[in-house]
Amino acid sequence: MATLDATDYNALTNDEFRREVRSFFESRYPEALRYLPRRVRIREIRDWWNTLYEKGWIAPNWPREWGGMGLDAGKMVIFLEEMERHGVARAADQGITQVGPILMRYGTGAQKEYYLPRTRSGEIIWCQGYSEPNAGSDLASLQTSAVLDGDHFIVNGQKIWTTLAHDSTHIYLLVRTDREAKKQKGISFLLVDLTTPGITIRPIRNIAGHEEFCHVFFDNVRVSKDALVGKLNEGWTVAKALLGFERLNIGSPRRPQYALMRLEMLGRAKGLFDDAGFVDRFTQIKLDLEDLASLYARYVEQVKRGEPLGHDVSSLKIWAMEAWQRLTDLLVETGAEDGVIEGAQEIAGVEIDFLTPFYYARPATIYGGSSEIQRNILSKYVLDLPSQ
Ligand SMILES: Cc1cc2nc3c(=O)[nH]c(=O)nc-3n(C[C@H](O)[C@H](O)[C@H](O)COP(=O)(O)OP(=O)(O)OC[C@H]3O[C@@H](n4cnc5c(N)ncnc54)[C@H](O)[C@@H]3O)c2cc1C
């Protein structure tokens with residue numbers, strides 16, 4: 001049973017709060033799961049989930065009335081920074097970061113009462129069913145349909161790239177409920193139990209050999225009308241309601257930590273800091289990451305002041321993800337013939353995995369809005385350039 005933590009963390013100074021979070025992560029987070037260069041599976045992280053739940057810290061962003069920590073924006077940033085500093089893995093947290101806040105804003109009383117406590121306890125694990133084979137960047141073209149039949153929707157179609165669907169019990173879905181309406185206007189938001197008959201989940205193996213995302217097929221799946229969140233045909237508004245932290249967090253300078261640490265250790269162990277060519281490239285990437293940290297800090301301050309993030313935050317995503325890719329390129333090149341061997345190895349006394357971070361940095365310029373789309377946003381809304 002979770003403790004409902006009575007502490008008002010917002011009343012602590014930032015330093016006091018940081019110390020408390022840091023000490024908890026350092027003393028309780030499992031060493032074996034620090035700085036994992038891949039997405040962690042639910043079976044590996046279940047004990048840590050329970051530890052956070054029992055402490056009352058599993059939902060730092062939720063208000064206290066729903067069992068969250070009720071952190072304000074500034075404290076939330078500190079919490080995330082300390083997670084990343086200590087290399088705490090991101091669990092299947094779509095329920096905490098997405099579904100919970102959506103239900104608090106748009107859910108019915110019954111939906112909140114049923115789903116929120118179970119999402120917090122981890123009895124329900126959510127995945128996000130937005131993308132389809134022909135609807136990624138242009139998400140509003142999605143075709144998975146939900147047709148009303150009495151008290152049920154009948155859902156047919158296919159989702160793709162659904163992260164950790166095979167670890168999840170439920171999916172939140174964008175479906176087309178009006179084919180006549182213009183794109184965004186005919187979309188609705190549904191909550192679906194993945195054990196419902198007619199659903200097939202097929203994992204997709206990525207180039208690193210991990211099965212992290214899946215196809216999810218819907219074949220005449222009967223979903224109760226009560227599963228609708230918000231109004232019929234207004235799912236686009238529901239889905240778009242969550243920006244802010246997601247956009248900020250994705251640009252965190254802590255993400256490349258593992259690769260940078262290993263590159264530096266390897267460079268020292270192999271005496272590469274006597275090589276002007278290596279020093280030049282290492283310094284360049286280190287400066288890129290310093291630039292990223294400054295840019296990130298600027299947006300963090302904006303969030304702490306309670307100001308909404310503007311379209312210019314797209315530059316943070318571009319810089320963070322592209323710098324991460326440049327860093328992992330250098331890591332693989334530095335490994336030379338060892339750099340193309342899969343898995344962890346010991347080189348000059350340093351344990352290192354070259355390819356996993358390299359592979360993980362590849363899709364980073366695609367998910368969460370691709371670099372091209374972010375550049376389109378900057379060009380249209382920030383630079384006011386004419387569209388092509
Ligand atoms: C690791 C990972 C996890 C993911 N997890 C999930 C998940 O859990 N749930 C979910 O619903 N989805 C998920 N996705 C899907 C992700 O949201 C999509 O991959 C993304 O929206 C891009 O869509 P797409 O893959 O169809 O590429 P496309 O949209 O087909 O784009 C292909 C290329 O064309 C470019 N392009 C497209 N449109 C334009 C344009 N207008 N101008 C310039 N260039 C353009 C893109 O930048 C890209 O380089 C995940 C993806 C990845 C890689």
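The questions below cover the domains and the ligand site of a predicted model.

Residues are numbered from 1 along each chain as its sequence is written. In this predicted model local features need pLDDT of at least 70, side-chain atom pairs count only at pLDDT 80 or more, totals for chains, interfaces and linings use all residues, and side-chain values use heavy atoms, without hydrogens and water.

Student: How far apart do the C-alpha centres of domain 1 and domain 2 lie?
Tutor: Domain bounds come from an automatic or database assignment. Domain 1 spans 9-91 and domain 2 spans 126-235. Their C-alpha centres are separated by 30 Å.

Student: What area is buried between domain 1 and domain 2?
Tutor: Buried area is the accessible area (1.4 Å probe) that two parts lose on being put together, summed over both. Carbon and sulfur atoms give 51% of it here. The total is about 550 Å².

Student: Which side chains meet in a salt bridge?
Tutor: The rule asks for a side-chain nitrogen of Lys or Arg within 4 Å of a carboxyl oxygen of Asp or Glu. It finds one such bridge across the interface of domain 1 and domain 2. At 2.9 Å, N to O, the pair is D167 and R41.

Student: Which polar side-chain atom lies 2.5 Å from an oxygen atom of the ligand?
Tutor: 16 residues surround the ligand (a heavy atom within 4 Å). Y130 places a polar backbone atom 3.0 Å from a ligand oxygen. N376 has a polar side-chain atom 3.0 Å from a ligand nitrogen. The 2.5 Å distance belongs to a side-chain atom of S370.

Conventions: A polar contact is a pair of N or O atoms within 3.5 Å; within protein, one must be able to donate a hydrogen and the other to accept it, and residues adjacent in sequence count only if both atoms are side-chain atoms.
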